[in-house]
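Please look at the sequence and the structure before reading the points below.

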Amino acid sequence: MLGAMIDLRSDTVTKPSPVMRRAMADAEVGDDVYGEDPTAHKLEARTAELLGKEAALFVPSGTMANQIALMLHCRAGDAVLVGEGTHCMVYETGAAAAWARVQFSVVGKGGLFSADEMEAAIDPDHDHLPRSRLVVIENTHNRAGGRVFPQAEVAAIAARAHGRGLFVHLDGARLWNAAAASGNSLALLAAQADTVSVCFSKGLGAPVGSALVGPRALITEARRLRKMLGGGMRQVGVLCAAALVALDQRERLVEDHELAQRLAQGIARDTHWSVDLARVETNIVNITMPEGTAPSMAARLKEAGVFVNAMGASILRAVTHRDLSRVDIDQALTVLRDVQ
């Protein structure tokens, strides 16, 4: 048993740093529902600039950002084309059916897909079929193991989608990781999307918050939808101050990716489990084990002091983040070797 628990469940488990806490305590605030919070204004302007878009809106969660995007682009009954395992289809408690009232059409295998696969999935324009209206690209893709969506394919998908009259939403909850891994700027990664969601509490270490980014007219309408969904907040600058600090600490993500490589290589070298090293591109490691054993193995590892998530019957997911060190990863590998 380790003396301290090592939490590899997600990059959302991080605690605010002392610098963040001071920024939160000192934040200049106002009533954001009245549009009077200066720190919220600063965060939204900076986020929009980083992503090369006209405007941004701070929201409590990535789920709300994605759901507002669906509501902006779609009408009830429309079809949304997504990769297998996409977050807004799998992990948002059926919100797309409840609020945007859309249905999903899965494209390709494993989360990533090609422009050809996307175009083949567009329903013909018949009155007895749902209208294909929106394509959602998740970058990086969570269930695919934090893989970076190749930018050339993103551009091709967007061009084909726009040519067929569809909109494109980029679920960029971990777009920061995609930028760090690929060397591409955030603006380049977001260029072809009509709207983009980004998360400040995944990887960057802020305690709360995401943003929806896009054209000013759409973001103005998004503000109304945020209020409708219960996301209108008052002195929200306390949270936005932490997000601004998080944006200044993006360089840490490279270290998170190095820790993921260290973990993945250790598992591949020293355990009987399987890791596809070529697919460990950012901070997520998917560990494959015999069918049906993942949930019980996650429970055994928890007892030994290492938290991971079972992603179905045969996959454990481990995520590196800013609250972990090389020592933590090496200790986790020791436990994994002993418990397997």
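**Aromatic pairs and helix packing**

The structure holds three aromatic pairs, a pair being two rings of Phe, Tyr or Trp (its six-membered ring) with centres within 6.5 Å. The model is predicted: local features need pLDDT of at least 70 and side-chain atom pairs pLDDT 80 or more, whereas totals for chains, interfaces and linings use all residues. Residues are numbered from 1 along each chain as its sequence is written, and side-chain values use heavy atoms, leaving out hydrogens and water.

**Aromatic rings**

- The ring centres of Phe58 and Phe200 are 6.3 Å apart and the planes meet at 20°, so this pair is stacked (planes under 30 degrees apart; over 60 is edge-to-face and the rest tilted).
- Phe58 belongs to strand E2 (residues 55-59) and Phe200 to the loop between strand E7 (195-199) and strand E8 (210-214), so the pair ties together parts 142 residues apart in sequence; strands (E, at least two residues) and helices (H or I, at least four) are DSSP runs numbered from the N terminus.
- Phe58 and Phe200 are both buried (under 20% relative accessible area, 1.4 Å probe, protein chains only).
- One aromatic cluster is formed by Phe58, Trp176 and Phe200.

**Helices H13 and H14**

- The axes of helix H13 (residues 294-303) and helix H14 (residues 326-339) come within 10 Å and cross at roughly 125°; axes are lines fitted to C-alpha atoms over the stretch in contact, with angles from 0 to 180 degrees between N-to-C directions.
- Met297, Arg300 and Leu301 of H13 make the contact with Val335, Leu336 and Val339 of H14 (heavy atoms within 4.5 Å).

Notes:
Buried means under 20% relative accessible area, exposed over 50%, partly exposed in between (1.4 Å probe, protein chains only).
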